[in-house]
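Reader: Please show me the sequence and the structure, and then let me ask about them.

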Amino acid sequence: MPIQYYIYLCLALFSIGIVGVLTRRNAIIVFMCIELMLNAVNLLLVAFSKVHNTAALAADKTSMLGIEAQLFVFFIMVVAAAEVSVGLAIIVMMYRNVHSVDINFLNRLKN
Amino acid sequence: MSITQFLFYFLTVLALFSAVMVVVSKNPVHSVLWLIAVFFAISGHYILLNAQFLAIVNLIVYAGAIMVLFLFVIMLMNLNASTEPQKNNWLKLAGVIAGGCFLMVLVSLVKQANELNNIAVTMGTGEIGLIKNLGKALFNDFVVPFEISSVLFLSAMVGAVVIGKKA
């Protein structure tokens, strides 16, 4: 597979996430679209790590070049899990105060 | 067309269609279920790239833990299609145009990049995605970030409890 196919797929997924953030008013859906964008970036990181590893394997059969990208993806998942737990707690607190998850109620940031 | 190529196209179409359905579904529960379909498709891509550890972690952490948390919060708030707040159609159109322009600019950029020609992703080979090699790299070169991430989780847990506590 040419690398362009992976780049186009990830760009499309990222853009769908952006469109979701811009067009939806439900705070939980906006949050889910951010997760979608994170996953598009993860897929592209793994694809490029494969490319670099394949190039290095031609010279050295036991090369581990490119393994850092897969560990970056692992750490992105770790940070996303922590982010989701705090973000959903904030959304639940907001729902308790204004009885809605509409982000238009958040634009005042007080009361 | 070989089987890996067929699987690539199938998973790509599945991922894109499910991602669109996440955005257009009126019911938030349906959005969550479509997002789980996206994560399964992306995990399939990881397996095609021989990144087996990341495929399993993606399924366990994202489709398992995070999506259950989302579903739990949505059901706790009793959200459904009738309570869904809607933006007016002009704002939706503006959002779609903005996202489409972003996609168009980046796609034209990639099309012009001649450096990317003749670079192919080989599927089903390579050993960097195996858990043995990833574990060695994680606990030798990346042991400090690994420990810091445990502190991050502790602070996230404390933060979630403090925010969720009735003030």
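The questions and answers below go through the chains, their contacts and some single residues.

Author: This is a predicted model, in which local features need pLDDT of at least 70, side-chain atom pairs count only at pLDDT 80 or more, and totals for chains, interfaces and linings use all residues. Residues are numbered from 1 along each chain as its sequence is written, while chains are lettered from A and ligands numbered from 1 in the order in which they are written.

Reader: Which pattern does chain A follow along the sequence?

Author: Helices (H or I, at least four residues) and strands (E, at least two) are DSSP runs, numbered from the N terminus. Chain A has three helices and zero strands. Along the sequence, the pattern is α-α-α.

Reader: Is chain A compact or spread out?

Author: The radius of gyration is taken over C-alpha atoms, and the globule rule is 2.2 Å times the number of residues to the power 0.38. For 111 residues that rule gives 13 Å, and chain A has 19 Å, well over it, so chain A is more spread out than a compact globule. The C-alpha trace of chain A spans about 65 × 25 × 15 Å along its principal axes.

Reader: What radius of gyration does chain B have?

Author: Chain B has six helices and zero strands. A compact globule of 167 residues would have a radius near 15 Å, but that of chain B is 20 Å.

Reader: What percentage of the residues in chain B is buried?

Author: A residue is buried if 20 or more other C-beta atoms lie within 10 Å of its own, exposed if 12 or fewer, and partly exposed in between, with C-beta atoms placed from the backbone. In chain A, buried residues make up 45% of the 111 residues. In chain B, with 167 residues, the buried part is 24%.

Reader: Which residues of chain B does A:I28 touch?

Author: Two residues are in contact if their C-beta atoms, placed from the backbone, lie within 7 Å. Leaving out residues up to four places away in sequence, A:I28 touches A:I91 and A:V101, and in chain B it touches B:P28, B:F70, B:V73 and B:I74.

Reader: How many residues on the side of chain B that touches chain A are nonpolar, polar and charged?

Author: The contact takes 61 residues from chain A and 67 residues from chain B. Ala, Val, Leu, Ile, Met, Phe, Trp, Tyr, Cys and Pro count as nonpolar, Asp, Glu, Lys and Arg as charged, and the others, Gly among them, as polar. On the side of chain B, the residues divide into 51 nonpolar, 13 polar and three charged.

Reader: Are helix 1 of chain A and helix 1 of chain B roughly parallel or roughly perpendicular?

Author: Axes are lines fitted to C-alpha atoms, for helices over the stretch in contact, and angles run from 0 to 180 degrees between N-to-C directions. Angles under 35 degrees count as roughly parallel, over 145 as roughly antiparallel, 65 to 115 as roughly perpendicular and the rest as oblique. These two helices pack at an angle of about 5 degrees, with their axes 9 Å apart. Helix 1 of chain A and helix 1 of chain B are therefore roughly parallel.

Reader: How are helix 3 of chain A and helix 5 of chain B placed to each other?

Author: Their axes come within 10 Å and cross at roughly 80 degrees. Helix 3 of chain A and helix 5 of chain B are therefore roughly perpendicular.

Reader: Is A:M77 exposed or partly exposed?

Author: A:M77 is found in helix 3 of chain A and touches B:V57 and B:V61, not counting residues up to four places away in sequence. With 19 other C-beta atoms within 10 Å, A:M77 is partly exposed.

Reader: What is phi of A:H99?

Author: Most residues other than glycine have a negative phi. A:H99 lies in the segment after helix 3 of chain A. Although A:H99 is not a glycine, its phi is positive, about 55 degrees.
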